[in-house]
Amino acid sequence: MAKRGAIFDLDGTLADTAEDLLNAANAALAPHQLPLLSLDQDRSFAGRGGRSMIRRSLEKAGLDPDAPAQITMTNNLYPDLITAYSDGIAVHTHLFDGVEACLDALADQGWALGVCTNKPEALALRVLDALGILGRFGSVLGADTLPIRKPDPVHLQETARRCGADPVRSVLVGDTMTDLRTARAARVPCILTSFGFAAEPLRELDPDAIVSHYSEIPDVLDRFFPLAGDA
């Protein structure tokens with residue numbers, strides 16, 4: 001029988017990547033005299049992808065990001081953002097407190113571990129490697145691993161399969177509405193972290209559980225899928 005699966009989002013869930021992402025966006029924006037983004041005001045946009053950060057700057061400039069000229073500008077600036085991020089991918093990025101102890105506990109309890117992220121796969125692998133936890137996961141699927149991405153449930157289901165988990169006995173640990181929508185579409189539980197990048201109040205999103213520290217996760221996961229019946 002396939003194992004229970006603990007599937008994690010990356011940005012805002014396993015690691016605080018906001019500062020490096022915003023710095024990369026600013027490196028792309030600055031040569032065009034576009035408004036820069038700040039950690040205090042724009043942290044939630046870091047978890048929405050590079051184009052969302054560029055669109056945020058355009059909005060700050062009073063421009064319509066959906067206008068044809070601004071869509072073209074966003075598409076033109078995006079490769080510069082990715083280059084800048086690749087050059088400074090883990091300067092300020094750090095794991096949230098308790099991640100490694102949590103992963104150790106889950107592995108000891110027989111959970112299969114995977115990462116399902118909308119970050120490009122190559123960048124996700126580099127971040128996880130830089131943080132020293134890449135080898136803990138049986139699968140890492142990024143935005144470009146499959147023809148689809150979150151919130152399509154297949155992204156989550158395939159992540160579970162590739163790490164040796166039963167997709168219907170898996171839980172998605174994330175931080176945003178996208179993660180919640182993914183889990184709902186896959187008909188599996190979703191845990192959201194209170195320290196992530198969500199813009200909305202988490203209780204309004206109504207996930208299956210909210211955690212404020214990684215030490216809470218093993219017990220919460222076990223309540224969803226008790227150990228009995230695992231291979």
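This is a predicted model: local features need pLDDT of at least 70, side-chain atom pairs count only at pLDDT 80 or more; totals for chains, interfaces and linings use all residues.

Guide: Residues are numbered from 1 along each chain as its sequence is written, and side-chain values use heavy atoms, with hydrogens and water left out.

Visitor: In what order do the strands of the open sheet lie?

Guide: Strands (E, at least two residues) and helices (H or I, at least four) are DSSP runs, numbered from the N terminus. Two strands pair if DSSP finds at least two bridges between them. Here six strands form an open sheet, ordered β5-β4-β1-β6-β7-β8, and the pairing is parallel. β5 (139–141) and β8 (209–211) are the edge strands, each pairing on one side only.

Visitor: How many bridges join β4 to β5?

Guide: Three bridges join β4 (residues 112–116) to β5. Glycine 114 has serine 139 of β5 as its bridge partner.

Visitor: Which strands does helix α10 lie across?

Guide: Contact means heavy atoms within 4.5 Å. Angles run from 0 to 180 degrees between N-to-C directions, with axes fitted to C-alpha atoms, for helices over the stretch in contact. Helix α10 (residues 217–224) lies across β1, β6, β7 and β8, at about 170° to β8.

Visitor: Which residues lie nearest the centre of the largest pocket?

Guide: A pocket is an open set of points on a 1 Å grid over the protein atoms alone, where a 1.4 Å probe fits, with protein on both sides within 12 Å along at least five of seven lines; lining residues have an atom within 4 Å of a point. In the largest pocket, Gly47, Arg48, Gly49, Asn118 and Arg149 lie nearest the centre, out of 35 lining residues. α2, α3, α4 and α8 each supply at least two residues of that lining.

Visitor: What does aspartate 11 form a salt bridge with?

Guide: Side chains of opposite charge can pair when their charged atoms come close. The test is a side-chain nitrogen of Lys or Arg within 4 Å of a carboxyl oxygen of Asp or Glu. Aspartate 11 pairs with lysine 119, with the closest N and O atoms 3.0 Å apart. The two residues are 108 residues apart in the chain, in the β1–β2 loop and the β4–α6 loop respectively.

Visitor: Which peptide bond is cis?

Guide: The bond from lysine 150 to proline 151 is cis, with omega near 15°. Proline 151 sits in the loop between β5 and α7. Glutamine 33 is the other backbone detail: its phi is near 55°, a positive value in a residue other than glycine.
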